[in-house]
Amino acid sequence: MKPSPKRAVVRKKKKIQKRRGATKATTLERIEENPIISPKAENGWEAWQTFNPGVILLNNKVHFLYRAIGEDGVSRFGYAASSDGFYISERLTRPVYEHKVGQRSSFHVFSYFSGGSWGGAEDSRLVRVGDENVLFMTYTACDEGLRVALTSIKVDDFLNKKWKWKSPQLISPPNEVHKNWVIFPEKINGKYAVLHSISPEIKITYLDSLDFAPGQYIHSCYNGAIRKNCWDSWVRGAGAPPIKTKHGWLLFYQAMEAHDFSKYKVGAMLLDLNDPTKILHRSQEPVLEPEEHYENNGFKAGVVYATGAAVKGDKLLVYYGGADSHVCVAHAFFDEFVEALAKDTGPKLKIRAVKKK
């Protein structure tokens, strides 16, 4: 006789609780059920790829806006949610956000090299600033190149799945390629803070308002210079929006090693709370690197790309795209992870995958 669905869920939760208790301070651990979101052939809009999610923790539930590419080659955002942060408990069958120019999507070859689509919206980052009743979302828009777009939605509308998004504003200049801009979840010195470059140094623009006037842009630059004698020789960009800790702002970022540009890896920094252009600590090794089959088989092999992170209870949950094809999660004890990073003793970051038996 098969166990009831309720008993199966209880056993599954006990199983993962046992694994969580064994997690070491210096280890980010994948769950054996990875990937947690994969393409669905029956839904044409997400039939090919599902990856690089923006996440937000609301009402003790993790909400995802994941990038999806399907049969028409357009990149859109789908919605999913998890009650415990590990298992998907809800997933909608229709996209919840599309980037439009006029009444049609903008197609550009740059978008294809940025994940496999021919246009649309890429790589959302979700943030709530303080206790404001609004969620802001930055994302890469295929619009006169790859530009950074900003939109927002009321928290209540988001929770009630009323997708009343504000008309997007393009906040990077036209005919330039920009990606991976994130907003801090608190005002800094009374102003909104937008982090728009980490190569070769941290660049932040401070604003009184996130309503941009026509023709108002944040002017940024990407150096792309190779750093010597380190694992993160080529720093690409910020990952998830920063997380506030007592030791500074925790920022995940994407980078490559000089001897192997075929792999995207994830690092971590701690930035000064009052002046986050100052890097206080930096991981001496990647905190996440492509090792599993779902990170090395897909549209772009050898890629882990962290775009979402949340702290739920005592757990740090890091959400990432694997091989530009799947959504995955890795976790650690939050306080111990940050303490190790602040002491420059780790995290050791040789990630231990939990195998299915």
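A residue counts as buried when its relative accessible area is under 20%, as exposed when it is over 50%, and as partly exposed in between (1.4 Å probe, protein chains only). Keep that in mind as we walk through the structure.

**Before you start**

This is a predicted model, in which local features need pLDDT of at least 70 and side-chain atom pairs count only at pLDDT 80 or more, while totals for chains, interfaces and linings use all residues. Residues are numbered from 1 along each chain as its sequence is written, and side-chain values use heavy atoms, leaving out hydrogens and water.

**Stop 1: the whole protein**

Color the model by pLDDT, the predictor's confidence in each residue, from 0 to 100. The mean is 87, and 84% of the residues reach 70 or more. Now select residues 1-26, where pLDDT stays under 50, and then residues 348-357, where pLDDT also stays under 50.

Switch to a cartoon view to find five helices and 21 strands. These are DSSP runs numbered from the N terminus: helices are H or I with at least four residues, and strands are E with at least two. Of the 357 residues, 57% count as buried.

**Stop 2: tryptophan 45 and tyrosine 66**

The structure holds 16 aromatic pairs. Rings of Phe, Tyr and Trp (its six-membered ring) pair if their centres lie within 6.5 Å; planes under 30 degrees apart count as stacked, over 60 as edge-to-face and the rest as tilted. Select tryptophan 45 and tyrosine 66: this pair is stacked, with 6.5 Å centre to centre and 25 degrees between the planes. Tryptophan 45 is in the loop between strand 1 (29-30) and strand 2 (49-58), and tyrosine 66 is in strand 3 (residues 61-69), 21 residues apart. Is tryptophan 45 buried or exposed? Tryptophan 45 is buried, because its relative accessible area is 11%. Tyrosine 66 is buried too, at 0%.

**Stop 3: tyrosine 79 and phenylalanine 158**

Next, select tyrosine 79 and phenylalanine 158, an edge-to-face pair at 6.1 Å centre to centre, with 75 degrees between the planes. Tyrosine 79 lies in strand 4 (residues 75-82) and phenylalanine 158 in helix 3 (residues 155-159), so the pair ties together parts that are 79 residues apart in sequence.

**Stop 4: serine 124**

Move to serine 124 in strand 6 (residues 121-127). Serine 124 counts as buried because its relative accessibility is 0%. What does its side chain reach at 3.2 Å? That is the backbone nitrogen of glycine 54. The backbone oxygen of leucine 65 lies 2.9 Å from a polar atom of the serine 124 side chain.

**Stop 5: arginine 282**

Finally, select arginine 282 in strand 17 (residues 279-282). With a relative accessible area of 17%, arginine 282 is buried. Which residues does arginine 282 touch? They include Arg227, Asp232, Tyr253 and Asp344. A polar contact is a pair of N or O atoms within 3.5 Å; within protein, one must be able to donate a hydrogen and the other to accept it, and residues adjacent in sequence count only if both atoms are side-chain atoms. The arginine 282 side chain makes one of 3.0 Å with the side chain of aspartate 232 and one of 3.4 Å with that of tyrosine 253.

Notes: Contact = heavy atoms within 4.5 Å. Lists of a residue's contacts leave out its neighbours within four places in sequence.
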